Amino acid sequence: MDVVFLSRLQFALTIMFHYIFPPLTIGLSLVIVYLLALRLKTGQAIYDSAARFWTKIFGINFAVGVATGIVMEFQFGTNWAVYSRYVGDVFGSALAAEGIFAFFLESGFLAVLLFGWDRVSAKFHFFAACMVSLGSIFSSVWITVANSWQQTPAGFVLRQHQVGERTFLRAEITDFWALVFNPSSVHRLVHVWFGAFILGAFFVMSIAAWYLLKGRHVDFARRSFTGALVLGTVFSLAQLVSGHLQAENVAEHQPAKLAAFEGLYESETGAGLYLWGWPDDAAQTVRFGVRVPGMLSWLATGDASATVRGMNELEADYGKPPVWISFQSYHLMIAIGGLFIVATLLALFLRWRGTLFDKRWLLWFFVFAVLPAFVANQVGWAAAEVGRQPWIVYPTVGADGQVTGGLLTADAVSEVVTSGQVLSSILMFGLLYLLLFVLWVMVLNHKIQHGPETPHRPGEGDFMDAARRRAGFGGTLSGEKDGAGSAANA
Amino acid sequence: MDLNVLWYLLLGVLLGGYAVLDGFDFGVGMLSPLAQDDRERRIVLNSIGPIWDGNEVWLVTFGGAMFAAFPEVYATVFSGYYAAFMLVLFALILRAVSLEFRGKMTSHLWRRFWDWGFFASSLLASLLFGVAVGSLLVGIPLDPQGIFAGGFFDVVLPAAHPFFPLMVGLLTTAMFVMHGAIYLYLKTEGDLQQRVKGWMWHGFGTFLVLYILTTILALATVPRALANFQHFPWAWAVVVLSVLAIGNIPRTIFAGKTGQAFLSSALVIFCLVALVGIALFPNLVTSSQADGHSLTIYNAASSAKTLGIMALIAALGMPFVLAYTGVIYWTFRGKVQLGDHSY
């Protein structure tokens with residue numbers, strides 16, 4: 001097997017495993033900020049215990065995210081040396097900014113968030129949670145900017161660089177802000193954030209729905225579910241708008257990618273949009289497809305009868321991405337997005353009617369809906385990355401049809417690394433990640449089975465605890481302001 | 001001073017900061033098997049519990065800055081040291097999850113497994129980092145194109161200097177053990193602290209012996225080690241400072257001023273990183289081939305524009321980083337106390 005294929009496989013493995021965690025921590029960090037804000041404002045003990053519970057879950061996810069994230073940073077150098085030489089000058093400042101602005105903030109205040117419950121004031125603890133959340137959002141900014149630059153490069157010039165007897169072209173920065181706000185970064189960033197918020201919401205709903213079905217921690221679960229449902233509904237709807245803007249952007253800057261998403265081989269006037277299908281590359285057609293007429297033309301250009309260029313016309317300039325993976329991952333993401341809109345709106349309606357928590361089938365749906373939420377985040381990126389092929393850095397095609405720049409994935413791997421080396425590192429990561437995944441699920445399950453601590457006021461004796469447990473009552477005994485002591489103490 | 005020199009210095013500061021901070025984390029990890037029961041092991045683990053993660057960010061930022069400032073070095077060294085780097089990554093992942101997972105279940109077997117992982121990963125990472133520094137000092141095979149032309153053993157056991165990288169690896173390991181023991185002494189109390197006192201002395205003794213041996217080996221076999229001292233006479237001040245700092249460690253331990261001993265061992269680590277930097281300058285990677293091309297801070301660097309932008313980013317960001325690093329260390333000062341939220 002060749003080094004390029006194996007290096008791509010390794011990158012796919014390590015990035016997809018890593019990307020289980022960042023969107024989850026971004027989403028959960030918002031949930032924790034919200035709960036700690038309520039704890040400060042109302043002083044109710046239930047927010048204290050809820051925040052403690054989600055912080056524990058957050059800590060586990062964060063640790064695995066950090067452990068697998070460090071691989072990502074060094075892998076560009078180990079496996080993609082030629083790419084690193086090509087992009088270092090432009091890509092590097094984003095990475096440096098990420099380290100200095102985001103990672104220090106995130107990991108530093110994480111210490112206070114996880115271990116500072118009894119060491120710092122409730123206000124400072126809340127501040128630390130805000131900083132962790134801000135740090136995780138910052139870190140998504142810079143890495144997404146770097147990726148967007150690979151998709152739609154801007155603010156750079158290609159120059160010859162010489163090392164020893166070797167001369168090669170590399171991208172050098174000319175305009176930092178043009179690089180940061182390259183044509184696809186804002187749309188992509190918003191899409192990534194919404195994806196993370198949706199995942200966070202569905203993760204919380206999954207655990208809360210399970211508690212509701214089992215009749216455990218009912219008060220905690222109802223509040224968690226309702227809050228997350230609102231978050232999930234808002235961002236599922238917002239994601240529809242963001243996704244549409246993204247697709248327009250792809251149509252403008254990466255037409256070959258859009259054609260691959262839609263299995264459009266020949267250019268077509270009034271092109272339709274597939275709801276589903278099975279691209280057959282050999283026959284250059286999509287089998288078993290159901291199509292909405294004119295919809296693709298309308299989405300891409302705003303005019304249902306416009307012409308959309310197909311892969312055969314674009315191939316000379318842009319090359320041809322693998323169609324089947326691009327098509328299916330793109331459509332799977334959209335299908336999941338549609339499902340989430342329907343499900344959250346229905347649940348919100350039932351919640352308003354007051355019957356949601358009696359609908360066991362819907363709660364069961366939400367227990368498992370976190371899995372498609374993970375899948376949507378993964379396949380969205382798969383579509384973006386596979387659709388960019390055969391390029392690792394996309395070329396720019398001018399109005400005159402002149403192709404400039406661009407680096408082919410096949411040319412980007414390390415000069416000196418052999419397939420044997422890559423194969424052994426794939427095996428190492430594969431086994432290590434398999435072990436990590438199993439343990440992560442085990443520990444997560446352990447935490448969920450244990451559940452949040454019953455809210456309590458300090459100074460209350462065992463008698464009160466026992467009484468409350470007997471009564472099967474999750475809240476405090478004497479109403480609203482009761483938790484003030486507990487929150488202030490923590 | 002041009003931007004290339006500035007970034008060489010800043011990389012040195014990031015690497016030195018990383019070695020000082022994660023150095024005691026590794027040391028604590030390597031000492032952890034000496035703890036006698038579960039409670040003691042938890043104290044050892046929690047002495048670095050809230051901060052190891054932030055300490056590791058220094059490495060991440062070092063890597064990011066290397067990529068940005070000297071992409072040629074990043075690409076050549078990381079792909080050239082492929083197998084060694086995969087082992088480093090393995091060790092860092094194992095350490096992170098050992099710390100995080102150990103306390104999550106109560107089973108004896110579970111905890112022993114992660115104890116072992118914590119120890120082995122700390123040892124492996126310390127050794128590998130030291131070996132990497134040693135091999136950079138003796139140079140690695142770079143061809144006329146400036147591309148690595150060797151294998152794993154050209155890094156670990158280079159033919160011209162077969163023992164030097166391993167020697168530096170052992171020195172680094174002993175240094176981190178000493179540094180970690182002093183740190184642990186500050187964070188513990190009672191019976192455990194009394195035993196840590198013994199670990200400190202053993203750590204210092206081992207470090208001293210290896211330091212002397214490595215210095216002799218370096219002076220005898222690595223001409224590069226002293227070449228730059230003719231150009232930079234002030235570099236002798238760093239040597240004197242490091243020797244004074246080493247001497248100050250036993251003095252302060254003996255006098256019961258362990259806080260000062262910790263600062264001294266931190267200074268020793270920083271001085272040694274500085275001495276490596278002085279020895280290498282202006283090369284980042286020295287070619288050991290006769291016709292090879294070394295990677296210098298000029299031919300391996302990004303454009304002046306990028307270096308300037310990054311200097312601005314660093315100037316804006318580093319004061320904040322230092323400020324909240326300070327706040328966080330202050331928050332978690334004092335002896336380890338085990339609670340509901342500890343590992």
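Two strands pair if DSSP finds at least two bridges between them. Helices (H or I, at least four residues) and strands (E, at least two) are DSSP runs, numbered from the N terminus. The model shown here is predicted: local features need pLDDT of at least 70, side-chain atom pairs count only at pLDDT 80 or more, and totals for chains, interfaces and linings use all residues. Residues are numbered from 1 along each chain as its sequence is written, while chains are lettered from A and ligands numbered from 1 in the order in which they are written.

**View 1. Here is a hairpin of chain A, built from β4(A) and β5(A).** Strand β4 (residues 273-280) and strand β5 (residues 285-292) run antiparallel and are joined by six bridges. Look for Pro279(A), whose bridge partner in β5(A) is Val286(A). Four residues lie between the strands, and Gln284(A) in the turn has a positive phi of about 55 degrees.

**View 2. Now meet two helices of chain A, α3(A) and α4(A), whose axes come within 11 Å.** Axes are lines fitted to C-alpha atoms, for helices over the stretch in contact, and angles run from 0 to 180 degrees between N-to-C directions. The two axes cross at roughly 160 degrees, which makes α3(A) roughly antiparallel to α4(A) (the term covers angles over 145 degrees).

**View 3. Finally, see where chain A touches chain B, with 60 residues from chain A and 63 residues from chain B.** Residues are in contact if their C-beta atoms, placed from the backbone, lie within 7 Å. On the chain A side, α4(A) gives the largest share, 23 residues.

How values were computed
Contact = placed C-beta atoms within 7 Å. Parallel < 35°, antiparallel > 145°, perpendicular 65-115°, else oblique.
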